[in-house]
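Dear colleague,

I am passing on the structure below, followed by some notes on what came out of it. Please read them alongside the sequence.

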Amino acid sequence: MTEYSRYSPYYIPVASLPMLAMLLFSELPQAFSMSLISSALVCISGWGRSGCHVDPFTGGLVAAYAVRDARTRGTILRAGIVVGAVQMVSYFLFHPIVDKFTWSQGIKPLFINGLISAGVVIATLKIFEFLFGELTNFSLLELSDSLNQPLLKRLAFEARPLIITA
């Protein structure tokens, strides 16, 4: 893969799987295992550099922890920025030689990876909610918006006279 590809394998959004697992099931051990499995699969699939699993794995751990109690989509975007920053620091700690190649093939893609992971999570969360039959905080907040729900609007309109007369 690295021989024929112009793009760095660090662009693969490994951190999106732990984020989705945490948002859907709200269990840290499950999200951590998703981080380990996904980072191992990416390393096995094509790039055999030493320490290649550490950067995506730490990003996945931070991603799962960062979206633990997320209630807004902004939290997911902030988590993506934090994931990118942590992956950059992790890469720098395990590969301290910084040159033009390291910047273009390692550090920059890892930061962009955090943003890509956040985008993937925001784009696919609704699909996975439907597939797994899970309700997340985002679904509950959408359901609680009474101005857009005709049944809740009617209930609020018809319940007011009962409260006043009682």
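Apart from its neighbours within four places in sequence, L17 is in contact with M34 and S38, where contact means heavy atoms within 4.5 Å. L17 belongs to helix α1 (residues 16-25), helices here being DSSP runs of H or I with at least four residues, numbered from the N terminus. With a relative accessible area of 36%, L17 is partly exposed, a class that lies between buried (under 20% relative accessible area) and exposed (over 50%), using a 1.4 Å probe and protein chains only. L17 and A31 are 14 residues apart in sequence, and their C-alpha atoms are 7.8 Å apart in space.

Please note that this is a predicted model, in which local features need pLDDT of at least 70 and side-chain atom pairs count only at pLDDT 80 or more, while totals for chains, interfaces and linings use all residues. Residues are numbered from 1 along each chain as its sequence is written, and side-chain values use heavy atoms, with hydrogens and water left out.

D55, in helix α3 (residues 54-66), counts as buried at 0% relative accessibility. Leaving aside neighbours within four places in sequence, D55 is in contact with Y10, Q87, S90, Y91, F94, H95 and L110.

Helix α4 covers residues 73-94, and its 22 residues reach 32 Å from the first C-alpha to the last, close to the 32 Å expected (1.5 Å times one less than the number of residues). T75 lies in this helix and is buried at 17% relative accessible area; beyond its neighbours within four places in sequence, T75 is in contact with A66 and A70.

Best regards

Definitions and conventions:
Helices (H or I, at least four residues) and strands (E, at least two) are DSSP runs, numbered from the N terminus.
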